[in-house]
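Hi,

Here is the structure I promised to pass on.

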Amino acid sequence: KKKCFSFKKKGKCAKGDGCPFSHDMLPTKEEGGKKRGKPPSEKDCINWKKKGKCRKLNSKGGCPYRHDLKLRDVALAKKANQNSSNKRKHNADDNAVTNNKVKQPLCIRVFGMNYDTKEEDIRSLFGDCGPIVDITFPTFEDSGRSKGYCGILFQSPKAVEKALLLHETELHGRWLSVQAGKMMLKQWEARERQSRSEKSTDGDVDNESKYLVAKVDSPEIGEFGQKVKKRKAY
């Protein structure tokens, strides 16, 4: 026998006992119009389902909801998997931090030196910081004087830290600028050559422009003996 639709929705039927459909069911809504929910005994406890435990279970009043052992086993298995995955991520992060250690520099760059400064002076100044492995001391080819900068390679990073404390110290009347890092000698020499070539080309252009201006301004004699200025060719 089919079920009555109005009795299922509203909890009552206008036909009453004369209705040809059956009324053997619980209506989905109460008399006030609210939805009729399931009783607590048919619902699963949320804490039992998510965490695998319930505080109210052993209390005086007890928990009115259902506590299925299968749901507890599933919740505990999920919790164990999450803990193991979190431990793996934590170990991976620790390994990444240990592997990505910051490399400490072993070299310094010294700028602002006097042209009369020699390699022995630099060695005596920075020799107290620590053992020096090598010094790159560029000089001019014609005079053999210093170019005003050099690079020093130390044996330990502690020596570099001590050498950086000598920043802005005076040597032969000049204040030295000490920086941490390698001395890129080839790049510096290439920059010097480029600057020299630019200066030489600028000088040639200026000389040519002066010659053209003088040539334009110089008066010439025309056919009838008058002074004529020659126009600049564009």
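Confidence first: the protein chain has a mean pLDDT of 77, with 75% of its residues at 70 or more (pLDDT being the predictor's confidence in each residue, from 0 to 100). Residues 210–218 fall below 50, and that stretch has 3 contacts in the model beyond near neighbours in sequence (contact means heavy atoms within 4.5 Å). Where pLDDT is low, the predicted coordinates should not be read in detail.

A word on conventions. This is a predicted model, so local features need pLDDT of at least 70 and side-chain atom pairs count only at 80 or more, while totals for chains, interfaces and linings use all residues. Numbering starts from 1 along each chain as its sequence is written, and side-chain values use heavy atoms, leaving out hydrogens and water.

Now the strands (DSSP E runs of at least two residues; helices are H or I runs of at least four, both numbered from the N terminus). S3, residues 149–154, is largely enclosed by the rest of the structure, because 5 of its 6 residues are buried (under 20% relative accessible area, with exposed over 50% and partly exposed in between; 1.4 Å probe, protein chains only). S3 pairs antiparallel with S1 over 5 bridges, and with S2 (residues 132–136) over 4 bridges, also antiparallel; pairing takes at least two DSSP bridges between two strands. Valine 110 sits opposite cysteine 150 in S3, and isoleucine 135 faces isoleucine 152 in S3.

Asparagine 114 counts as buried because its relative accessibility is 19%. Setting aside neighbours within four places in sequence, asparagine 114 contacts Ser146, His172 and Arg174.

Cheers
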